[in-house]
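Please read the points below with the model open alongside.

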Amino acid sequence: METTRHFVATVYVVSDGAVALHEHDKLEMWLPAGGHVDRDELPHAAALRETREELGLDVELVAPQEGIESETVRSIPQPQHFLLEDINVDADGEVGHQHVDFIFYGEASSRDIDPAPGEQPAADWSWFTPAELRDRADQFPADVVEIGRRAIETVSER
């Protein structure tokens with residue numbers, strides 16, 4: 001059986017030494033901002049759009065970008081991580097579909113969350129320091145704890 005894959009972009013938004021996470025309505029797990037990359041959209045643009053929609057924040061992506069350019073190519077911001085995620089895994093271990101996830105780090109100048117209409121409310125979001133991620137590791141997916149910690153460290157070192 002063929003596996004369906006979707007391209008998604010995720011942003012671990014960091015402000016003042018903490019990362020923003022919310023308990024995702026559909027997936028019932030704590031996750032950062034993110035969503036599907038539209039057909040005509042570049043991954044870094046999707047990351048910025050999803051962050052603006054879900055958090056109401058404009059962030060600066062902390063993303064390497066090579067200086068390779070020519071008449072027909074240009075470099076774009078690179079994700080910090082590039083992951084393949086199994087989604088909707090059933091009791092028998094069958095994978096419903098997969099996400100090919102471009103994971104970025106973003107720096108926000110504010111913690112004032114103001115989601116767009118139709119998004120999960122601001123009350124569903126919380127800011128977590130590295131210590132809080134570690135203390136609540138049993139409540140979060142292991143990758144969220146690890147990447148959240150790395151995002152905070154990377155943004156803090158700038």
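The numbered points take up the core, the strands, the aromatic residues and the charged residues in turn.

1. Basis of the note. The structure is a predicted model, in which local features need pLDDT of at least 70 and side-chain atom pairs count only at pLDDT 80 or more, while totals for chains, interfaces and linings use all residues. Residues are numbered from 1 along each chain as its sequence is written, and side-chain values use heavy atoms, with hydrogens and water left out.

2. The largest core. The largest nonpolar core has 19 residues, of which Val 13, Leu 55, Leu 57 and Trp 127 touch the most other members. Such a core is a set of buried Ala, Val, Leu, Ile, Met, Phe, Trp, Tyr and Cys residues joined through side-chain atoms within 4.5 Å; buried means under 20% relative accessible area, exposed over 50%, and partly exposed in between (1.4 Å probe, protein chains only). Two or more residues come from each of strand 1 (5-15), strand 2 (18-23), helix 1 (43-55), strand 7 (95-107) and strand 8 (125-128). Helices (H or I, at least four residues) and strands (E, at least two) are DSSP runs, numbered from the N terminus. Another core, of 18 residues, lies apart from this one and includes Trp 30, Val 62, Tyr 105 and Val 155.

3. Val 13 and Thr 51. Thr 51 belongs to helix 1 and is buried, with a relative accessible area of 0%. Not counting residues up to four places away in sequence, Thr 51 touches Val 11, Val 13, Ala 33, Gly 56, Leu 57 and Val 59.

4. Strand 2 and its partners. Five of the six residues of strand 2 are buried. Two strands pair if DSSP finds at least two bridges between them. Strand 2 runs antiparallel to strand 1, with two bridges, and to strand 8, with four bridges. It also pairs in the antiparallel sense with strand 3 (residues 30-31), over two bridges. Bridge partners include Val 14 with Val 19, Leu 21 with Ser 126, and His 22 with Leu 31.

5. The two hairpins. The hairpin of strand 1 and strand 2 has two residues between the strands, and Asp 16 takes a positive phi near 50° there. The hairpin of strand 2 and strand 3 has six residues between them, and Glu 28 in its turn has a positive phi of about 55°.

6. Aromatic pairs. How many aromatic pairs does a search of the whole structure find? There are five, where rings of Phe, Tyr and Trp (its six-membered ring) pair if their centres lie within 6.5 Å, and planes under 30 degrees apart count as stacked, over 60 as edge-to-face and the rest as tilted. Trp 30 and Phe 140 form an edge-to-face pair, 5.7 Å centre to centre with 75° between the planes. Trp 30 lies in strand 3 and Phe 140 in the loop between helix 2 (130-135) and helix 3 (142-156), so the pair ties together parts 110 residues apart in sequence. Both Trp 30 and Phe 140 are buried. Phe 82 and Phe 102 form a tilted pair, 4.8 Å centre to centre with 55° between the planes. Phe 82 is exposed at 52% relative accessibility, whereas Phe 102 is buried at 15%. Phe 7, Phe 82 and Phe 102 form one aromatic cluster.

7. Salt bridges. The whole structure holds 10 salt bridges, each a side-chain nitrogen of Lys or Arg within 4 Å of a carboxyl oxygen of Asp or Glu. Arg 49 forms one with Glu 50, the closest N and O atoms being 3.1 Å apart, and another with Glu 53, at 3.3 Å. Arg 49 is buried at 17% relative accessible area, and Glu 53 is partly exposed at 26%. Glu 107 and Arg 158 meet in a salt bridge of 3.2 Å, N to O. Glu 107 lies in strand 7 and Arg 158 in the segment after helix 3, so the pair ties together parts 51 residues apart in sequence.

Note on methods:
Contact means heavy atoms within 4.5 Å.
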